[in-house]
Amino acid sequence: MKKKIFTTLLALCSVFAAQAQFQEGKGYVGASLTGLNMNYTGATGLNFGLEAKGGYLFADNLMALASLSYEHNGNKAIADHITLGVGGRYYIIQNGLFLGVNAKLLHANHNYNDIMPGIEVGYAFYINRSVTIEPSVYYDQSFRAHSDYSTIGLKVGIGVYLFDD
């Protein structure tokens, strides 16, 4: 019985500690790996990507984000590409579950440009007070070449929440 009470109290303490993580005024920097054959598109082979993000919690549970990424495609017919994007996250529950929306400008060699809106669902697992591991599932919709560039995939990132105190 004591074990159950202790476990319940520990769980409640962790929920209250997590509540302070997504408060207004906090900064965020993050990096993630995408691809590694963990995504699917109609035209690529081996896929590897790196993404860097920066953000700011402008209200409790709401974050504005900017991102820059590079992706290498194994298929020689499709060029490597760079994306620049903006978006936001809403932390659905205080323990780290989030929903994200974004819009990206994709630029590839051969003067290919595309605007790609996307959605993302993920979870911020806290390693310590400010560092997280953030696995997520995402979908990016291509309007210009749907079957070649629309992507559904998995990415794993590391995030650092910057505190002002």
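Tutor: Helices, of at least four residues, and strands, of at least two, are DSSP runs numbered from the N terminus. The model discussed here is predicted.

Student: How many helices and strands does the protein chain have, and in what pattern do they follow along the sequence?

Tutor: By that definition the protein chain comes to 2 helices and 9 strands. Read along the sequence, the pattern is α-β-β-β-β-β-β-β-β-α-β.

Student: What percentage of the residues in the protein chain counts as buried?

Tutor: Buried means under 20% relative accessible area. The protein chain has 165 residues, and the buried part of them is 39%.

Student: What share of the contacts with a separation of 6 or more joins residues 24 or more positions apart?

Tutor: A contact requires heavy atoms within 4.5 Å. Among contacts in the protein chain with a separation of 6 or more, the share from residues 24 or more positions apart is 51%.

Student: How many cavities of 30 Å³ or more are found, and what is the volume of the largest?

Tutor: The search covers the whole structure and finds 3 cavities of that size. The space in the largest cavity is about 250 Å³.

Student: Which element gives the largest share of the lining of the largest cavity?

Tutor: The lining has 21 residues, with E71, H81, T83, K104 and D140 nearest the centre of the cavity. Elements giving two or more residues to this lining are β2 (47–59), β3 (62–73), β4 (81–91), β5 (97–108), β8 (131–140), α2 (146–149) and β9 (151–162). By class, the lining divides into 6 nonpolar, 9 polar and 6 charged residues. The largest share, 4 residues, comes from β3.

Student: Which element gives the largest share of the lining of the second largest cavity?

Tutor: The second largest cavity holds about 120 Å³ of space. It is lined by 16 residues, and K53, L65, S67, G87 and N102 are the closest to its centre. The elements that contribute two or more residues are β2, β3, β4 and β5. The largest share, 5 residues, comes from β4.

Student: Which residues make up the largest nonpolar core?

Tutor: Core members are buried residues joined through side-chain atoms within 4.5 Å. L57 is in contact with F22, M63 and Y91, among others, when neighbours within four places in sequence are left aside. A separate core of 7 residues includes A79, A108, Y112 and M116. The largest core has 9 residues: F22, Y28, L57, M63, L65, Y91, F98, A124 and Y161.

Student: Why does I152 count as partly exposed?

Tutor: I152 lies in strand β9. An exposed residue would need over 50% relative accessible area. I152 is therefore partly exposed, at a relative accessibility of 48%.

Terms used:
Residues numbered from 1 in each chain as written. Predicted model: local features only at pLDDT ≥ 70, side-chain atom pairs only at ≥ 80, totals over all residues. Heavy atoms only, no water. Buried < 20%, exposed > 50% of the residue type's maximum accessible area, 1.4 Å probe, protein only. 1 Å grid on protein atoms, 1.4 Å probe; cavity = no way out; pocket = protein on both sides within 12 Å on 5 of 7 lines; lining within 4 Å. Points joined across faces, edges and corners; volume = space filled by probe spheres on them. Nonpolar A, V, L, I, M, F, W, Y, C, P; charged D, E, K, R; others polar.
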